[in-house]
Amino acid sequence: MYRNFFKPLLDKVLATILIIIFSPIMLIVVIGIYLWDGRPIIFKQKRPGYKEKIFEIYKFRTMTNEKDKQGNLLPDKDRLKGFGKIIRDLSIDELPQLFNVLKGDMSFVGPRPLLIEYLPLYKSWQRKRHDVKPGITGLAQVKGRNAISWRKKFKYDVFYVNHVSFCLDIKILLWTLQKVIKKEGVYQNTNTTMEKFNGEN
């Protein structure tokens, strides 16, 4: 009952409330990104969601458009700086996903949506992460986010799928708030993003 009715309902109600509350902050971020590095303001990327249905995820852009002499974008670590680094550190870049939740593509809590290119690499047990809607935050995020291995990340994702409940969601949301305040696990060691998943032997 909770998974199929109350959870989606609570997601939409809470997303509506938070969009209203955070609208001034989002407006400031929009202006800040525009002045800092121009357009685009929103980073959009297609990701697999519930039952591997493809949707477009929204984030505030945190990396500059800087390129080398050959016209190629500089490495991530060289483009994450200034205003973009601030909003990444504070996890403010995730706020546009409130609209993903409102649309029904995502939930507040669930496995984070990964890249489409990873789909053929999953083992059957790892594919179970798509048996629920992807989330803005999830068990893997509060247990280490980008600072844990892919194997641990998938284990936490599948554990969540098998144990979805209101109490677990509340715990994850509270843990997430704690992580955001402490800015833990935002980066993986010295990397700005999680290393790519290349499958598991």
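## How to read the model

Residues are numbered from 1 along each chain as its sequence is written. Because this is a predicted model, local features need pLDDT of at least 70 and side-chain atom pairs count only at pLDDT 80 or more, while totals for chains, interfaces and linings use all residues; side-chain values use heavy atoms, with hydrogens and water left out.

The score pLDDT is the predictor's confidence in each residue, from 0 to 100. The protein chain averages a pLDDT of 89, and 94% of the residues score at least 70. Where pLDDT is low, the predicted coordinates should not be read in detail. The helices (DSSP runs of H or I, at least four residues) and strands (runs of E, at least two) are numbered from the N terminus.

## The largest pocket

How big is the largest pocket in volume? Its volume is about 1,600 Å³. A pocket here is an open set of points on a 1 Å grid over the protein atoms alone, where a 1.4 Å probe fits, with protein on both sides within 12 Å along at least five of seven lines; lining residues have an atom within 4 Å of a point. Grid points are joined across faces, edges and corners, and the volume is the space filled by probe spheres set on the points.

The lining of the largest pocket has 50 residues, and Lys59, Asp93, Glu94, Arg112 and Arg145 lie nearest the centre. Several elements each supply at least two lining residues, among them helix H1 (2-37), strand S1 (42-48), strand S2 (54-60) and helix H7 (150-162). The largest share, 5 residues, comes from H8. By class, the lining has 25 nonpolar, 11 polar and 14 charged residues. In this count Ala, Val, Leu, Ile, Met, Phe, Trp, Tyr, Cys and Pro are nonpolar, Asp, Glu, Lys and Arg are charged, and the others, Gly among them, are polar.

Burial is judged by relative accessible area: buried means under 20%, exposed over 50%, and partly exposed in between (1.4 Å probe, protein chains only). The buried residues of H3 are Gly84, Ile87, Arg88 and Asp89, and what covers them includes H1 and S2.

Just after H3, Ser91 takes a positive phi of about 60°. Ser91 sits in the loop between helix H3 (82-89) and helix H4 (97-103). Its relative accessible area is 14%, so Ser91 is buried. Beyond its neighbours within four places in sequence, Ser91 is in contact (heavy atoms within 4.5 Å) with Arg145 and Val180.

## Aromatic rings

How many aromatic pairs does the structure hold? There are 11. Rings of Phe, Tyr and Trp (its six-membered ring) pair if their centres lie within 6.5 Å; planes under 30 degrees apart count as stacked, over 60 as edge-to-face and the rest as tilted. Two of the pairs are shown here.

| Pair | Centre distance | Plane angle | Kind |
|---|---|---|---|
| Phe5 and Phe6 | 5.0 Å | 80° | edge-to-face |
| Trp150 and Phe197 | 5.4 Å | 55° | tilted |

The Trp150 and Phe197 pair links distant parts of the chain, with Trp150 in helix H7 and Phe197 in the segment after H8, 47 residues apart. Trp150 is buried at 10% relative accessibility, and Phe197 is buried at 4%. By contrast, Phe5 is partly exposed at 45%, and Phe6 is partly exposed at 41%. One aromatic cluster is formed by Tyr118, Tyr122, Trp125, Trp150, Phe154 and Phe197.

## Loops and the chain's later part

Leu119 lies in the loop between S3 and helix H5 (124-127) and is buried at 14% relative accessibility. Leaving aside neighbours within four places in sequence, Leu119 is in contact with Pro48, Glu52, Arg127 and His130. The C-alpha atoms of Leu119 and Gly199 are separated by 9.6 Å, although the two are 80 residues apart along the chain.

Glu52 is found in the loop between S1 and S2, and has a positive phi of about 70° although it is not a glycine. Lys51 lies in the loop between S1 and S2, with a positive phi near 55°. Lys51 is exposed at 51%, whereas Glu52 is partly exposed at 26%. Finally, a cis peptide bond joins Arg39 and Pro40, with omega about 0°.
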